Amino acid sequence: MSTRSDISILKPDGTVTTQYIHMDGYLSGVGQTLLNNYKTMADAEKIMQLGEYHADSILPEYPKDIASKLKEYKQDKTYVSQGYPSLESMQNALKQYTEYPRDYGQVAKTLNSDIEYHYLYAPNKDGKYQWHTINRDGIEPLTQKSINLEQEIGITEHSPNWQKAPNGQWNAPLNDKELSGLNKGIHQMDQNLKDFNKREKQTSEKSKVHSKKKLDLEAWKKQHTQTVEKLKNGLLEEIEHYTQSPEKVVELLEFINKFHNYSARNALLIQRQRPGAVAVGSFAKFKELGYNVKKGEKGSKIFVPAKITVFYRKDKDGKQSKTSLKLATESEKEKIKKGQIKTYDRTIYKLGTVFDATQTDMPKEKYPELYPNRHQDFKAKNPEQLDLLEQGLRTVAANMNMPVITYDSSMQDVNDPQTAKGYFNTKTNQIVLNQYNTPTENVTVLAHELGHAQLHNNSKQEKGLPRELKEMQAELTSYLYASNYGIDSRKETVNYIAGWTQNGKKFNELPTGVKGQIIAHSTSAAKVLTKATDKVIQQEQARIDGVKSLVSKDVEEKIQQNAKQETIKPENDHKSPVEDIAQSKSDKEQDHRPVVDPKVAAMIRRSKDRGLER
């Protein structure tokens, strides 16, 4: 609906910037979008970037959508629709009207502007910026109540729609009462702006005074070290709490698996600081997605890796100290440039802050946006789809030069798994699967054995672990992988670990740091398997989409051809009424059975046979 609106910002310097929006300008349209999604000055200023290229469109639902809109325009620069030196000058432009003669000597008057709604982002009485509506008789805060009111009872005496005058005349000039109310509103806005600037100045002065204080580097280092130590100690306590039994270990892994983009250490820190977190991201990440962290919310601290370049500096006694490249002197930089001083890349860990999605205004249904590539809805119980998981695991095995075979009694030099579901043949470097395994068992066994291969071969640091702890670590890898795709192997995992570790006793006797290392390395091994499987799933899905598109196109062509053939039918005048009815019924049935090419039908059957019709 072409309901026009202007969206304006009253800037701290008193000037006004305005953007014209052509569609859906009413309160429940543009008004609702502004109230819900454009909540900061940065959001409002993004609207102004749309300029004249957007004059015939609607307001994008989210601020983040504006960048893509600008790319569509393919312009090197943007233009603001209009600007005013002050709010009063804007009001003067709005109230301008034209007189023109009518019949019988009467004179008609109409406003020059045909824009129905005017929205203003300006400070309120509390000195905080918010959205307002510029009405015919004043300026009012834009609230959900005002939006609901217009929807319920329509246009009122204080309506923000400028074309609906109280006397019923369309687009009538403002009367004296309306002009008085509007002038009062502008005066109040000017006062609010003065109060806002006063507060900003006071805050700035306090900040300058604070910045003049010399930074006590030693005190900062001490406080930073204390914070890191506190996090590390909390991490060890969390590990200790969740490693008292096999059930507790699996419970911990279930939480870690929710945050597959984070290391096991950071997932533990999140659990420690915000138990029950569902999906986390940094302040910047939520901002990028168009959402805001709620005021007063406290984030969770994590360790964030950062790449730095260092060199070794010699002091007057010849001792070397590792120094950041940023701290190099001009002389040292010159030597580094000439290759006289070598530099090295190192990874350090800084403190970062993340927030849970529940601490933001992000709707619950949007939480998956934080982890867009995760296959949360993969139906792993379908045997055909389990084949994809097995295919992904076999890919990892092939990359490790580790063939996967299914035992057959005719095989020589291969031991019968008997009651075992599978094992690793050290002589042939093969993974042997039991021929009686279910598809699900093949997946979990493969993940288990590949966990061994990644963590416990001769070149791995954990090769010296006792056998029972190796089995536990491989089973944890398998559990993490399987649960990522909806396979519930919790009971089997708990029983397996309990059997190998004397119900967790062998594991619980280890130092806390070693226990944390075992868990962390299991999660890393599972991620390698998951990454390979995700790639297989994506490739197969792309192939499925291609087949479906081809089949749909071919079937549609056959339906159209059949329809054309059905339009040319000989008359059956010689038939009896009963025969006519029978023939009519037969024709109707045939109408729903389009002629399909045999090749196309074969493609559909193959798709169904392979489980591609999800």
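Colleague: In E15, what is the bridge partner of Val404?

Modeller: Ile431 is the bridge partner of Val404 in E15. Strands (E, at least two residues) and helices (H or I, at least four) are DSSP runs numbered from the N terminus. This is a predicted model, with residues numbered from 1 along each chain as its sequence is written. Local features need pLDDT of at least 70, side-chain atom pairs count only at pLDDT 80 or more, totals for chains, interfaces and linings use all residues, and side-chain values use heavy atoms, without hydrogens or water.

Colleague: In what sense do E13 and E15 pair, and over how many bridges?

Modeller: Parallel, over 3 bridges, with E13 covering residues 404-406. Pairing takes at least two DSSP bridges between two strands. Ile405 has Val432 as its bridge partner in E15.

Colleague: And E14 with E15? What sense is that pairing?

Modeller: Antiparallel, over 4 bridges. There, Gly422 has Leu433 as its bridge partner in E15. The hairpin of E14 and E15 has 4 residues between the strands, and Asn429 takes a positive phi near 55°.

Colleague: What order do the strands take in that sheet?

Modeller: E13-E15-E14, an open sheet of 3 strands with mixed pairing. E13 and E14 are the edge strands, each with a single partner, so one side of each has no neighbour in the sheet. On average, neighbouring strands are turned by 25° against each other, direction ignored.

Colleague: Which helix packs on the sheet?

Modeller: H13 does, touching E13, E14 and E15 (contact is heavy atoms within 4.5 Å). The direction of H13 makes about 155° with that of E15. Axes are fitted to C-alpha atoms, for helices over the stretch in contact, and angles run from 0 to 180 degrees between N-to-C directions.

Colleague: Which residues of E15 are on each side, and are they buried or exposed?

Modeller: Gln430 and Val432 are on one side, Ile431 and Leu433 on the other, and all are buried. Buried is under 20% relative accessible area, exposed over 50%, partly exposed in between (1.4 Å probe, protein chains only).

Colleague: New topic. What volume does the largest pocket have?

Modeller: About 930 Å³. On a 1 Å grid over the protein atoms alone, a pocket is an open set of points with protein on both sides within 12 Å along at least five of seven lines, a cavity is a set where a 1.4 Å probe fits but cannot get out, and lining residues have an atom within 4 Å of a point. Points join across faces, edges and corners, and the volume is the space filled by probe spheres set on them.

Colleague: Which residues lie nearest the centre of the largest pocket?

Modeller: His448, Glu449, His452, Glu471 and Tyr496, out of 32 lining residues.

Colleague: Which element gives the most to that lining?

Modeller: H13, with 9 residues. Strand E14 (422-425), helix H13 (439-456), helix H14 (467-484) and helix H15 (490-500) each supply at least two. By class, the pocket lining has 10 nonpolar, 12 polar and 10 charged residues. Nonpolar is Ala, Val, Leu, Ile, Met, Phe, Trp, Tyr, Cys and Pro; charged is Asp, Glu, Lys and Arg; the others, Gly among them, are polar.

Colleague: How many cavities of 30 Å³ or more are there?

Modeller: The whole structure has 1. The largest cavity holds about 30 Å³ of space. Its lining is Leu94, Leu111, Ser113, Ile115, His118, Trp162 and Asn171. That makes 4 nonpolar, 3 polar and no charged residues.

Colleague: Over to the other sheet. In what order do E9, E10, E11 and E12 run?

Modeller: E9-E12-E10-E11, an open sheet of 4 strands with antiparallel pairing. The twist averages 45° from one strand to the next.

Colleague: How many bridges join E10 to E12?

Modeller: 12, between residues 300-314 and residues 343-356. Phe311 stands opposite Thr343 in E12. Helix H9 (residues 264-273) lies across E9, E10 and E12, at about 135° to E10.

Colleague: Where is Phe286?

Modeller: In helix H10 (residues 283-288). Phe286 is buried, at a relative accessible area of 0%. The C-alpha atoms of Phe286 and Ala357 are 8.5 Å apart, though 71 residues separate them along the chain.

Colleague: Last one. How many residues of H1 are buried?

Modeller: 8 of 11, so helix H1 (residues 27-37) is mostly covered. Among them are Leu27, Val30, Leu34 and Asn37.
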